[in-house]
Amino acid sequence: MATLTIKNLHVELENKPILNGINLVVKPGETHVIMGPNGSGKSTLGNTLLKHPAVTITKGKITFGKLVTSEMKTDEIARAGLMIALQHPQAVSGVTVTNLLTIAARKFAENQKGFSPARFREEIKDVAKKLHMEPEFLLRSLNEGFSGGEKKKMEILQLSLLPAKCLIIDEIDSGLDIDALKLVAKQIVRLQEKGVSLVIITHYNRILRWIEADKVHILHKGKIVKSGTSALAKDIEKKGYAAYIKE
Ligand SMILES: Nc1ncnc2c1ncn2[C@@H]1O[C@H](COP(=O)(O)OP(=O)(O)OP(=O)(O)O)[C@@H](O)[C@H]1O
Ligand SMILES: [Mg+2]
């Protein structure tokens, strides 16, 4: 497992400054929550960690263990175990999640000859069952025609089956009904129990009913303006952001 370190990160999107000096350290096995008003830069931070092509890092550095990931390509970063569940997952026509995951998992497997696609397919079915997903979803084109909530379940299913060390989870709770949210949260707890570190981006305190967080941070205008324990998330729900944001 590796520590994720973000140091004085400045980021621009189309020449517009979006992140203005982010510092964050996520130690192995820790869970950090990032909250903040719409447009504060939360998704941009997640996208930057995975080197989204639209993002330009103008200053600062991101490391994951000994790797300087801010200088690496997206696929190299993911292969190092830093992965993301997107706020808005894309549909991929003609590719089923079973095919996609089997190809990815085979690449990850240290002993590729020992990799059993049949056994792996059973693992996929097992996680799908835990998330109450019908088996037909595994054979449909990825996210094509999926409802908002179904897409979110699909993101967690994928990340549960790949050897992640640190996961960025961007608004997994938006669009999930309360029962689905509980199933997804429980699946995230299973990842926590495996020692995976988490950066959970959310607007709501409710997911923290099931997931224990080590730290909660408020992002505003591309800066972390306040950090605290999970009590901070409860407070935000009660008071809103105004109490923490000085214009
Ligand atoms: N390609 C782009 N060019 C210019 N500005 C952009 C681009 N993409 C995003 N932005 C702006 O960057 C800012 C941060 O967006 P981001 O998606 O990171 O916010 P967020 O905190 O995730 O918001 P939300 O809570 O609504 O998901 C917003 O003001 C957004 O309009
Ligand atoms: Mg966002």
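His132 is found in the loop between α4 and β8 (141–142), helices (H or I, at least four residues) and strands (E, at least two) being DSSP runs numbered from the N terminus. The model is predicted, so local features need pLDDT of at least 70 and side-chain atom pairs count only at pLDDT 80 or more, while totals for chains, interfaces and linings use all residues. Residues are numbered from 1 along each chain as its sequence is written, chains are lettered from A and ligands numbered from 1 in the order in which they are written, and side-chain values use heavy atoms, with hydrogens and water left out.

**Positive phi in loops**

- The phi of His132 is near 55°, a positive value in a residue other than glycine, and His132 counts as exposed because its relative accessibility is 56% (buried means under 20% relative accessible area, exposed over 50%, partly exposed in between, with a 1.4 Å probe and protein chains only).
- Lys221, which is not a glycine either, has a positive phi of about 50° and lies in the loop between β11 (215–220) and β12 (223–228).
- With a relative accessible area of 53%, Lys221 is exposed.

- Helix α1 is mostly covered, six of its eight residues being buried, namely Lys42, Thr44, Leu45, Gly46, Thr48 and Leu49.
- After α1 comes Lys51, whose phi is positive, near 55°.
- The magnesium ion (ligand 2) has Ser43 (OG) and Gln87 (OE1) as its protein donors, lying 2.0 to 2.1 Å from it; donors are N, O and S atoms within 2.8 Å of the metal (3.2 Å for Na, K and Ca), and water is not among the atoms, so sites may look incomplete.
- This pair links distant parts of the chain, with Ser43 in helix α1 (residues 42–49) and Gln87 in the loop between β6 (82–85) and β7 (92–96), 44 residues apart.

**Packing of α3 and α4**

- The axes of helix α3 (residues 97–108) and helix α4 (residues 117–130) come within 10 Å and cross at roughly 120°, where axes are lines fitted to C-alpha atoms, for helices over the stretch in contact, and angles run from 0 to 180 degrees between N-to-C directions.
- That angle makes α3 oblique to α4, because angles under 35 degrees count as roughly parallel, over 145 as roughly antiparallel, 65 to 115 as roughly perpendicular and the rest as oblique.
- Thr98, Leu101, Thr102, Ala105 and Arg106 in α3 meet Pro117, Phe120, Arg121 and Ile124 in α4, contact meaning heavy atoms within 4.5 Å.
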